[in-house]
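Here are my notes on the model you sent. Please read them with the structure open.

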Amino acid sequence: ARPASRRPDAPARAEAPRAYLRSVKVRAFRGIGPERTLVVPEGRGLTVVTGRNGCGKSSFAEAVELLFTDHCSRFSAAVAAEGWRNHHVPELPFIAADVVVERKGPLTFSRRWGKDAGLKDADTVVKDEAGTVPIGDTPWLRASRDYRPFLAYSQLGEMLDGKSALYDALMTGL
């Protein structure tokens, strides 16, 4: 018999297999100008990204949130939605993430914008050995919304406010 869920209100797990982020590439998005790559230690657990102010931590987190969930909480306000593109470089905005899926292999998630495109004028696609498809045609969009891939400092702080809330949140993420 399976043990009872620790959270009766928890959503049913999406049909996506367990996956681990390997790296994230970002160009011309928010505080990141020329292309930069964040390499993430592969495997289970919590990865904490630290660095000085202005080094791009939040830009990477927001890029990953947008890439995997098709939404970024920072850009829900009209004023913030105007500042998503970095105009200090001539290259077009781009976000990509390499992921390894247990017992299946690598996947690449990517999102590209044209010259005069707005934030919502691009869609995430998922590429594997079989080809490239929109993220909405895969189980990954739902899985990413149910099990957030990145948490900003303030979101992590909200999770840590109560011991039971911390346990529930960490168990959902792990």
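1. A term first. Buried means under 20% relative accessible area, and exposed means over 50%. By that cut-off, both Phe109 and Trp140 are buried.

2. Confidence. This is a predicted model. The protein chain averages a pLDDT of 79, and 73% of the residues score at least 70. Over residues 1–14 the pLDDT is below 50. That stretch still has 16 contacts in the model beyond near neighbours in sequence. Where pLDDT is low, the predicted coordinates should not be read in detail.

3. The sheet. An open sheet is built from 6 strands, in the order β2-β1-β3-β4-β5-β6. The pairing is antiparallel. β2 (36–39) and β6 (131–134) are the edge strands, and each pairs on one side only. On average, neighbouring strands are turned by 20° against each other, direction ignored. Helix α1 (residues 57–69) packs on this sheet. The helix touches β1 (19–27), β2, β3 (94–101) and β4 (105–112). The direction of α1 makes about 70° with that of β3. Val125 has Pro134 in β6 as its bridge partner.

4. The whole structure holds 5 aromatic pairs. One of them joins Phe29 and Trp84, with ring centres 6.3 Å apart and 50° between the planes, which is tilted. What parts of the chain does this pair link? Phe29 sits in the loop between β1 and β2, and Trp84 in the loop between α2 (78–81) and β3, 55 residues apart. Both residues, Phe29 and Trp84, are buried. Together with Trp113, Phe29 and Trp84 form one aromatic cluster.

5. Aromatic pairs: an edge-to-face one. Phe109 and Trp140 lie 6.1 Å apart, centre to centre, with 85° between the planes. Phe109 is in strand β4, and Trp140 is in helix α3 (residues 140–146), 31 residues apart. Beyond its neighbours within four places in sequence, Phe109 has contacts that include Leu67, Phe68, Val126, Ile135 and Trp140.

6. The core. In soluble globular proteins, nonpolar side chains tend to be buried together. Here the largest nonpolar core has 31 residues. Which residues touch the most other members? They are Phe29, Phe109 and Trp113. The elements that give two or more residues to this core are β1, α1, β3, β4 and α3. Its largest share, 6 residues, comes from α1.

7. Ser110 and Arg112 both lie in strand β4. Is each one buried or exposed? Ser110 counts as buried because its relative accessibility is 15%, under the 20% cut-off. Arg112 counts as exposed because its relative accessible area is 55%, over the 50% cut-off. Leaving aside residues up to four places away in sequence, Ser110 touches Leu67, Phe94, Ile95, Ala96, Asp123, Thr124 and Val125. The C-alpha atoms of Arg112 and Asp123 are separated by 7.5 Å, with the two residues 11 apart along the chain.

Key: Residues are numbered from 1 along each chain as its sequence is written. This is a predicted model: local features need pLDDT of at least 70, side-chain atom pairs count only at pLDDT 80 or more; totals for chains, interfaces and linings use all residues. Side-chain values use heavy atoms; hydrogens and water are left out. pLDDT is the predictor's confidence in each residue, from 0 to 100. Contact means heavy atoms within 4.5 Å. Two strands pair if DSSP finds at least two bridges between them. Helices (H or I, at least four residues) and strands (E, at least two) are DSSP runs, numbered from the N terminus. Axes are lines fitted to C-alpha atoms, for helices over the stretch in contact, and angles run from 0 to 180 degrees between N-to-C directions. Rings of Phe, Tyr and Trp (its six-membered ring) pair if their centres lie within 6.5 Å; planes under 30 degrees apart count as stacked, over 60 as edge-to-face and the rest as tilted. Buried means under 20% relative accessible area, exposed over 50%, partly exposed in between (1.4 Å probe, protein chains only). A nonpolar core is a set of buried Ala, Val, Leu, Ile, Met, Phe, Trp, Tyr and Cys residues joined through side-chain atoms within 4.5 Å.
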